[in-house]
Amino acid sequence: MASKPNYARIGDQVFRDVEKINAELFTLTYGAIVAQLLKDFEDVEEVNNQLEKMGYNIGLRLIEEFLARSNVPRCSDFKDTAEVISKVGFKMFLGINATVTNWDPKKPEFSLVLEENPLIDFVEVPEQYQSLVYSNILCGVIRGALEMVQMSVECRFVRDVLKGDDASELKVTLKAMLEEEVPVGED
């Protein structure tokens, strides 16, 4: 079987690095969404909430694709879940690696450190929007996806490159293990 060429043709133009073009298009599209939310809501906290809600809805649907494509076995505990998110999830959907740090088995919670974040390429946050959590959609995706596998979590950014930090860090805290609900009439 022949491998897929790594170029795209649009009219007479040939684009060689299709994955790079797709990533840049995604980044710019996301930036346009954030800019439109800022224009529509004029309240940075509401924009943060909207980004998290959007991510949550994406996560609810994304988990099905993740489970179908990744072939990872069921996680035995929250720590396994952290490793799968960092090593498989971020790589599969964003093409980046995340590192699990600050594991606290007593709470349980962990941090995901992103050395790179493709959502923030080409981004500079103006001074009046310093409380904007630009990549808050990622927190929502994690929360929505984990809820679908019976884990209620809180996810928030504790460090952000756009705010001058050396890396972006998300703190994920398990609030509760949810009971698997069986639809009425099915046993």
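Predicted model: local features only at pLDDT ≥ 70, side-chain atom pairs only at ≥ 80, totals over all residues.
Strand β3 (residues 98-104) and strand β4 (residues 109-114) run antiparallel and are joined by five bridges.

- The structure holds four aromatic pairs, among them that of Phe78 and Trp103, whose ring centres are 6.0 Å apart and whose planes meet at 40 degrees, so the pair is tilted.
- Because Phe78 belongs to helix α3 (residues 78-94) and Trp103 to strand β3, this pair ties together parts that are 25 residues apart in sequence.
- Phe78 counts as buried at 6% relative accessibility, whereas Trp103, with a relative accessible area of 26%, is partly exposed.
- Phe78 also forms a tilted aromatic pair with Phe110, with 5.2 Å from centre to centre and 55 degrees between the planes.
- That pair links distant parts of the chain, since Phe78 lies in helix α3 and Phe110 in strand β4, 32 residues apart.
- Phe110 counts as buried, at 0% relative accessibility, and Phe78, Trp103 and Phe110 form one aromatic cluster.

**Cysteines**
- The count of disulfides comes to zero.
- For Cys155, the closest cysteine sulfur is that of Cys139, at 3.6 Å, which is too far for a bond, because a disulfide requires the two sulfur atoms to lie within 2.5 Å.
- Cys155 counts as buried at 10% relative accessibility, while Cys75, at 27%, counts as partly exposed.

Terms used
Residues numbered from 1 in each chain as written. Heavy atoms only, no water. Buried < 20%, exposed > 50% of the residue type's maximum accessible area, 1.4 Å probe, protein only. Pairing = 2+ DSSP bridges. Helix = DSSP H or I, 4+ residues; strand = E, 2+ residues; numbered from the N terminus. Phe/Tyr/Trp six-rings, centres within 6.5 Å; stacked < 30°, edge-to-face > 60°.
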